[in-house]
Amino acid sequence: MAFPRPSLLSSTSSSVCNRFNPTILSSIRCRRPNLYPYTFIRFRSRRLLAVAAMESTGVFTSPEVAKAFDFASEERIYKWWESQGYFKPTERGGEPFVIPMPPPNVTGSLHMGHAMFVTLEDIMVRYHRMKGRTALWLPGTDHAGIATQLVVERMLAAEGIKRADLGREEFTKRVWLWKEKYGGTITNQIKRLGASCDWTREHFTLDEQLSRAVVEAFVRLHDKGLIYQGSYMVNWSPKLQTAVSDLEVEYSEEPGALYHIKYRVAGGSRSDFLTIATTRPETLFGDTAVAVNPEDERYMKYIGKQAIVPMTFGRHVPIISDKYVDKDFGTGVLKISPGHDHNDYLLARKLGLPILNVMNKDGTLNEWAGRFEARQKLWHELEETGLAVKKEAYTLRVPRSQRGGEVIEPLVSKQWFVTMEPLAEKALRAVEKGELTILPERFEKIYNHWLSNIKDWCISRQLWWGHRIPVWYVVDKDPEEEYIVARSEEEALTKAREKHGKRVEIYQDPDVLDTWFSSALWPFSTLGWPDASAKDFKEFYPTSVLETGHDILFFWVARMVMMGIEFTGTVPFSYVYLHGLIRDSQGRKMSKTLGNVIDPLDTIKEYGTDALRFTLSLGTAGQDLNLSAERLTSSKAFTNKLWNAGKFVLQNLPSQSDLSAWKSIQDLKFDIEKAVLNLPLPECWVVSKLHMLINAVTISYDKLFFGDVAREIYDFFWSDFADWYIEASKARLYSSEGDSVVSTSQAVLLYVFENILKLLHPFMPFVTEELWQSLPYRKEALIVTAWPTTSLPRLDEAVKKFENLQALTRAIRNARAEYSVEPARRIPAFIVANSEVLKYIYVSWSISYDPKLLARVTRFCNISFTESPPGDANQSIHLVASEGLEAYLPLAAMVDISAEVQRLSKRLAKMQTEYDGLMARLNSPNFVEKAPQDIVRGVQQKAAEAEEKLTLTRNQLSFLESTVPITKVIDTPYIGITAVESDKMAKSVALTIVLVLALLSVCFTFSESAAAAPFIVAHKKVSQKKLNQNLERVSVSIDIYNSGSDTAYDVTLTDDSWAQEVFDIVTGNTSKSWERLDAGALVSHSFELLSSVKTVYYGAPALITYRIPTKSKLQEAYSTPILPLKVLSEVASETKIELVIFFLILLT
């Protein structure tokens, strides 16, 4: 099994530190690894024969026969759930959990917004279903008046047919045919996401039942005086020729122009005029006043006079004053066109100005000119008459139809409205009293602001597709004076006859209701309202949660609250959960224009439904989520990891025919504290952690903190179960300690894994159900399995002990990673612990202590246990896992210190140069003052990061340089012996290896320069007694010089007890003075010693540059003849190098 590279510090132990090398702690970054396959070792075949306990229906596939989870099986599993009736609410007593699905448009195709609400709502309903509540998720679709009519009109246009040619009745039939053919697309796509809705209760907003509810609501509101007809400013779609809601209008910034026009002052001279600035000059025909700010001294003298509207044959309008006018915008003069501007309309109503509409409903000013053509013609004429001042470029905020893309026109139109203020008051009180909770809470302010400043709601639309307004007019009667509101045509006719006689004729209002009107009734109309005695209404209303996007909090959510209270006397749901928008990896809104739209169905094909759902669930309520391929890939890896863990569990369970083994497993109960207490430490730890997880996750589920739930389960499964417990369990599964030991580990594996599946099922329903069905002795589907019990026993002390071991292991792993130790390379690790800690370490890893397992877990370390630090502690990396538990890793065994020093030195120089360049820019006034602020901030950020890296690298370099003493030679033959602590390396082996490495290094290094003659200088007349005295606690430097240059190769050995071996090797077991040294014999003897050693610890020689003395000065200093000896001649024969070797030991 492969391990991640976790942080050096355990998250549960703040005491873990590295006293010797602080740079390790600052450089490690946690990361989740890619998936690594498990390795299965078949020690006992009878335990590794797993049998899938699933129905022989061909629906499910066991991990034992499939390498990975097959996404194609998701649809089979979904159909099996649906066929078994699992989506229907089962009467279980208690309060039901009900959630109404936001009805997607019948014209819609699945997008990430749908994927988000389906994921979150399915998580809720699956969780509460497993909790034992009667769970109902109500699905359905919206008739989407404008969108659907537009789609069908385009389809007809392709056939050369216009809507008007067909007539209303025939056109409506065509729309219904389209709905029957294509309307199920979005429903099937939602099913593909795993939505466990009760599809037998699916509704459509134009269903007979819902249509009846819509009519009833209209009639009741009208009877209370809350619905009226009037002419007001609306958003008008000239192409569809209907009013549209604010939600269906999108604003875009587009290039345009600001036109400056003269308005002459009536009765004044030619110099008396006001210049107005407008982006829509064609609307001047609807001007009813010219306004200025009362504090604007430029125009005070004109207030109260009349202005002449250009091109209107002298039509006069008053010049008025109002603080609404911004005197700093444009010219400070505002033309008031209340029939074609929302703000002008409100100002006109406040001041009592007349309202003129100069535009037709198709957007034309007359039969010859549309609004944009008229603009150009008008400006041309203004230029000819001298009334045009100037035209300048200006960025416009243009309102466009969300459906058709056309420019929306503010227009005063006769429409039906709902008086909202009395309805809003009740909805505000519901939140104030706590009857309704909005999550996240910050959206309560938006909710309150909207309802406190609410306007009357325009509910009529000039369409043919939708709920026909239940209003009838009497033929030959003024429709504004007399109309009939009724629940049906028959009822309307009856009322008309009562007043006008039997021969009266009536006709219905041609308009339909706003789609949002029927949607506002959704939570209760889908349950049978207005029939309050309906079974579903009595059992499931009010609902529990309304989950939707925060962008429709007012347009839909608030209206449902108002209508629910008005018609049922209670809020329609207790909680409102608002999710954010799905954006691309760069945080941009997805759009076809940017080409960044991610198709959920394509995503499912590549990553699987579970991976998509899990990724979406990681978001935070109310916040937008950036979706990227990296996140999806990580979630897919999680799915694979789960699958492989299931494979490991199954292959390590006994055969189902082994009844005795299964009885042992099933007899172990983990809901009893005594049973958990008797478990070995790894088992006790993982079971305790699981029970803690169940508590935490259940609380988070109940609080609707789904992102927290996902992360908590992910971390436990990957970090605790897969990375730690599965590895620890192998010691027992593959040991010979007896069946009881094996059964305990098997029981814990199965218990923990099946509970992980339960906790994770609401998020990843398909793979968890597949794995669940593979486990032996499953009596029911996971979708309806009981949720894990909370408040189960746990042992905090066992958790702390095991976490200490985890902290130690992580520290060792990270130290290896920090110094790039090869994965397969074994290094020594000295574990220092007190007797109490050693005791639970022994027990935790095996029934009989097995240090090899701990070595495997800590990644190829030779573990040694001790109660005191090793002798070479100062030349080791010191790791502290917890009080009483430390580790020492000899640095020389992990890294080539000299090479690392050289590498870091070069790196440091390069980094310093880059940092200096950044600081030079920041210290330049020209750059800081003239460069754009975002660029300056970017350079500042880079400089801060570079400074942090510099500090880190300096610390690393300082640490490495302090580990091995190096003595510099400056114009003197003194090589130096520095007092250091012993490193306890192999005695004679140490010297032998260094000599071999030194000689080989010389041979290869100087092979290109025949003039360079390396030599080792040996001191004369050194007695064994003198050598022993001076070699205690000293380091001996063996230096190989290049006599032709200023380069020395320095290798330092340290030991306090190898004096005898050194003396014997060099002198041949004599105490004579050193006259000559047979270098060839020395090398031969070194190789002989080297071949006899089984385990070798060494550090490569360091490369140091010195100013060294000349050959003659060395001879003079030591009075020793330099005697040339041919050594390794076969290696150097090609370049005819004569290697001259001498040995020097200088004493302090």
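Asp-122 and Arg-126 meet through their side chains in a salt bridge, at 2.6 Å from N to O. The term means a side-chain nitrogen of Lys or Arg within 4 Å of a carboxyl oxygen of Asp or Glu. The model is predicted: local features need pLDDT of at least 70, side-chain atom pairs count only at pLDDT 80 or more, and totals for chains, interfaces and linings use all residues. Residues are numbered from 1 along each chain as its sequence is written, and side-chain values use heavy atoms, with hydrogens and water left out.

Asp-122 and Arg-126 are four residues apart in helix 3, so about one helical turn separates them. Helices are DSSP runs of H or I with at least four residues, strands are runs of E with at least two, and both are numbered from the N terminus. Asp-122 is buried, at 0% relative accessibility. Arg-126 is buried too, with a relative accessible area of 0%. Buried means under 20% relative accessible area, exposed means over 50%, and partly exposed lies in between (1.4 Å probe, protein chains only).

Two strands count as paired if DSSP finds at least two bridges between them. Ile-438 stands opposite Val-576 of strand 23. Contact here means heavy atoms within 4.5 Å.

Now set the pair beside other salt bridges. The count comes to 39. Lys-663 and Asp-667 form one of them, with the closest N and O atoms 2.8 Å apart. They too sit four residues apart, about one turn, in helix 21 (residues 659-667). Lys-663 is exposed, at 52% relative accessibility. Asp-667 is partly exposed, at 46%.

Glu-82 and Lys-191 form another, with closest N and O atoms 3.8 Å apart. Glu-82 lies in helix 2 (residues 73-83) and Lys-191 in helix 7 (residues 185-192), so this pair ties together parts 109 residues apart in sequence. Glu-82 is partly exposed, with a relative accessible area of 32%. Lys-191 is partly exposed as well, at 22%. Elsewhere, Glu-216, Arg-220, Arg-487, Glu-491 and Lys-495 are linked in a salt-bridge network.

Last, the whole protein. It has 38 helices and 33 strands. Of its 1148 residues, 54% count as buried. Among contacts between residues at least 6 apart in sequence, 78% join residues at least 24 apart.
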